[in-house]
Amino acid sequence: MNTERELDRIIEAWMEDRTGGPRPDALADALDEAYRAPQRRGLARWFPFGLAGDGSLTDREHGRRQGMLVGLSGTLAVVAIVMVGAWVALLGGDVFRDTGPVPGSGDVLVVGPGGDHATISAALAAAEDGDTIRILPGRYAEDLVITKSVLLEGDGPAEQVVLEAITDTRIDPETGEETEFLRGPELRDTNAVVRGLTVDGLGLANGSYLDAGIVITGGSPTLESVRIPRDDGNSSYDASVLLRSGSDATIRDSSFGGAIVAVGGSPSIIDTDVDAIYIGCPLAAGTDAVYVCAPGERALVQDNRLHGIRIDTGASPVIERNSIEGPSVDWAMPIPNSGILIWGGASGSGMAPMIVNNSLSGQDVGIEVFGDADRSLIEANDLSGNQTGVLIDGGDPTLNSNSISESVTGLVLEGSARPVLNGNAIESNVLGMSIARFAEPEMVGNVFCENVTNIKAPGREPPDLSDNEVCTDGSAS
Amino acid sequence: MDPELVTRAQRGDEDAFGQLATAMFARLHRVAENILGDRDLAEDAAQQGVVQMWRNLPKLRDPERFESWSYRIVVNACYAEAKKAKRWRSGLSDRPEDDPGATAEFTGVVYRDQLERGFRRLPVEQRAVLVLYHYVGLTLAEIASTLKIPSGTAHSRLYKGRHALRASLQADDRDALPDASANEVVR
């Protein structure tokens, strides 16, 4: 046995011979056991992937032009977006539309022992837009669908005002089957404010995997200081808050053990502790694999503390000043887990995701750009102590002024990635940057210092680094 | 694998899933048997894999990736089996480290025994990469994607595993080979 090829042949023949295969009944036994348990219907319900069916994602030239546009400084771009957002809001009439009385400006109805009403449902029935429903400490197990613009407020510590989840059913749009799931209150086409309470009782007790602590459909409601603990301990796919298509909800200063799932709309998620956030777009009418947000729709995810954010095809959120620490969220995909996963992105809405001033650590991959059409702006983020700092596999994002340090590999360019890299500090990693054979980065003003090895470019010539600073303590190879 | 079949199974169609499982099960079992070196453990892993596949199939984003996804699930089941059961190790102790009856005229047998001993000494993660590479025929990039590990890690595990197997086959020359065990290959 002398050559590598001979070793291959010996190992392969040995592996082929050493197995006896399964018992005749082994598969039948496995299927019997499998069918005893229901399928886990996780995020695929909300974000089934359809990249292959979305032809708009492959327009690379369009992507490059957009990439140049988003190459503006993050600050200027954020300001521009805020201004454009305000302009769009003005044109849309939001500013001048009569949205009814402000929640909390009307009468006060007290719910609980000794109050005006024994149940929240009764208070809701009696309330008018603008009223306050003040809930005394206790546990309330009610099927709540809130359509009025009221203030629903806990009267006491949020831990002591508990809305218990109830069992609901839904019709699967694909199969027509009825499925049970657990949910807390639903806010439907309302500007209601929910403040200072807990939604509890979610989990897998009934074998459902569609649970949602609060369901928001349309409208512009606000959740403030709301707690939704995670009680099953193993299912980040359950949504603490599910924002269905078209909601512009604001969520702030809250604490969720599960995920926030946002499908379309322009929600704002601010200063909240949450396991993970998923941002996607609804299925386009008449299609089964095209996900499109409406023009101008853009979520804002700001100042939160969480483990991961996933941005799906078509969504273009602003992700700013979040602390995203490991362990990484398992995105249930055959790619490495990551702190921020950008999958596709930048279609339909006409904008690109912006990832600015975030801190990511302890992740398998800090930021991962996957798919073929991403034009994201990734700027001024601090990525330290991850296995891989940034992984770009396809697409052409712009990376400006990021700090990528103390990782096994700082920056990995896979596939035919064509990122623009400006002014990034890639320091104190085992390997600064790895460039695959067909990757074509544009690199100016980046610093590679104090890496054990600065750059590896296996099977190809190293890139032109004449406009970058490469210290001599690591060797370009 | 027919994506339509996968899509139907994702919607809860047991017939469709049965067809998928029938098409894959023997191969998944052999993958597990190769990784674990024990038919009973392999059966547990393959069966657990089928159960996990059924339960988690709705989460699979891309039906085209069903096959590689199924390998990942079974490899993970193998990791779990290897952790909770040590039976395969007891099998190793039954085998003599040096077989005095092995001669050059029975080279194939010698190779098998030497490979078996060398393979069983490897960490299960290295065994998984070797099996996916040599038995399933995946590329390193496909292995990395399937197992959700960095490609450098896949490369490193394959390199170390092959090095160990080569060393077991060339016991006499083992000292002359470079020692890669302390090096993690990254790229």
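This is a predicted model: local features need pLDDT of at least 70, side-chain atom pairs count only at pLDDT 80 or more; totals for chains, interfaces and linings use all residues.
Residues are numbered from 1 along each chain as its sequence is written, and chains are lettered from A in the order in which they are written. Local features need pLDDT of at least 70 and side-chain atom pairs count only at pLDDT 80 or more, while totals for chains, interfaces and linings use all residues; side-chain values use heavy atoms, with hydrogens and water left out.

**View 1. The interface of chain A and chain B.** Chain A gives 56 residues to the contact and chain B gives 52 residues, where contact means heavy atoms within 4.5 Å. About 5400 Å² is buried between the two chains, 55% of it on carbon and sulfur atoms. Buried area is the accessible area (1.4 Å probe) that two parts lose on being put together, summed over both. Across this interface there are 14 residue pairs in polar contact, both residues being at pLDDT 80 or more. A polar contact is a pair of N or O atoms within 3.5 Å; within protein, one must be able to donate a hydrogen and the other to accept it, and residues adjacent in sequence count only if both atoms are side-chain atoms.

**View 2. The side of chain A that touches chain B.** Two or more residues each come from helix H1 (4–17), helix H2 (26–36), strand S33 (409–414) and strand S36 (431–435) of chain A. Helices (H or I, at least four residues) and strands (E, at least two) are DSSP runs, numbered from the N terminus. H1(A) provides the largest share of this side, nine residues. Sorted by class, the side has 30 nonpolar, eleven polar and 15 charged residues. Ala, Val, Leu, Ile, Met, Phe, Trp, Tyr, Cys and Pro count as nonpolar, Asp, Glu, Lys and Arg as charged, and the others, Gly among them, as polar.

**View 3. A salt bridge between the chains.** Three salt bridges are found across the interface of chain A and chain B. A salt bridge is a side-chain nitrogen of Lys or Arg within 4 Å of a carboxyl oxygen of Asp or Glu. Arg18(A) and Glu116(B) form a salt bridge, with their closest N and O atoms 2.7 Å apart.

**View 4. Aromatic pairs that cross between chains.** Over all chains, the whole structure has six aromatic pairs. Rings of Phe, Tyr and Trp (its six-membered ring) pair if their centres lie within 6.5 Å; planes under 30 degrees apart count as stacked, over 60 as edge-to-face and the rest as tilted. The ring centres of Trp14(A) and Phe119(B) are 5.2 Å apart and the planes stand at 75°, so this pair is edge-to-face. Trp14(A) lies in helix H1 of chain A, and Phe119(B) in helix H6 (residues 107–120) of chain B. Trp14(A) and Phe119(B) are both buried. Buried means under 20% relative accessible area, exposed over 50%, and partly exposed in between (1.4 Å probe, protein chains only). Tyr35(A) and Phe17(B) also form an edge-to-face pair, at 6.4 Å centre to centre and 70° between the planes. This pair runs from helix H2 of chain A to helix H2 (residues 14–36) of chain B. Tyr35(A) is partly exposed at 24% relative accessibility, whereas Phe17(B) is buried at 0%. Tyr35(A), Phe17(B) and Trp54(B) form one aromatic cluster.

View 5. The structure holds 20 salt bridges over all chains. One of them joins Arg134(A) and Glu153(A), at 3.9 Å from N to O. Arg134(A) is in strand S2 (residues 132–135) and Glu153(A) in strand S5 (residues 151–154) of chain A, 19 residues apart. Arg134(A) is partly exposed at 29% relative accessibility, and Glu153(A) is buried at 16%. Glu224(A) and Arg195(A) meet in a salt bridge at 3.1 Å, N to O. Glu224(A) belongs to strand S12 (residues 222–228) and Arg195(A) to strand S10 (residues 193–200) of chain A, 29 residues apart. Salt bridges that share partners join Arg134(A), Glu153(A), Arg195(A) and Glu224(A) into one network.

**View 6. Chain B.** Chain B has nine helices and zero strands. Of its 187 residues, 55% are buried.
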